[in-house]
Amino acid sequence: MAGGFEIVRDWRQTEAALLAARANGTAPILLTPEDAASRYGAGYLGALEARARREFPDVAFTLIVDCGDAPGYALACLRAGVSKISLSTWNDKIADIARQMGAELVRRPS
């Protein structure tokens, strides 16, 4: 885990990180690569988070989906059920919409 978080690109990496967290009793921060929303799509990322929550209900993890500089992708991720998104530039409107949807705009860990 680099810098207190782990980069995940797909289910295999997500599952491995969550299995390790379960075994170690930790609460990991999982982070998608930069601009993941535009590369992988909101539906895929929403499904990734939903599957992780369904298959690992006992692991308190955070998944942060990086939306680059694209507020449109950020909104699509929120609609797809992603609970934490990041944008390269802070956006008060997106942060407010996220809050209203029970989600959160956060700064990308570095």
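Student: Which residue forms a salt bridge with D58?

Tutor: This is a predicted model, in which local features need pLDDT of at least 70 and side-chain atom pairs count only at pLDDT 80 or more, while totals for chains, interfaces and linings use all residues. Residues are numbered from 1 along each chain as its sequence is written, and side-chain values use heavy atoms, with hydrogens and water left out. A salt bridge here is a side-chain nitrogen of Lys or Arg within 4 Å of a carboxyl oxygen of Asp or Glu. With its closest N and O atoms 2.8 Å apart, the partner of D58 is R22.

Student: How many residues apart in sequence are the parts that this pair ties together?

Tutor: Helices (H or I, at least four residues) and strands (E, at least two) are DSSP runs, numbered from the N terminus. D58 lies in the loop between α3 (42–55) and β3 (62–66), whereas R22 belongs to helix α1 (residues 11–24), so the parts tied together are separated in sequence by 36 residues.

Student: Which residue forms a salt bridge with K84?

Tutor: K84 lies in strand β4 (residues 84–86), and its partner lies in strand β5 (residues 104–105), 20 residues apart. The closest N and O atoms are 2.7 Å apart, and the partner is E104.
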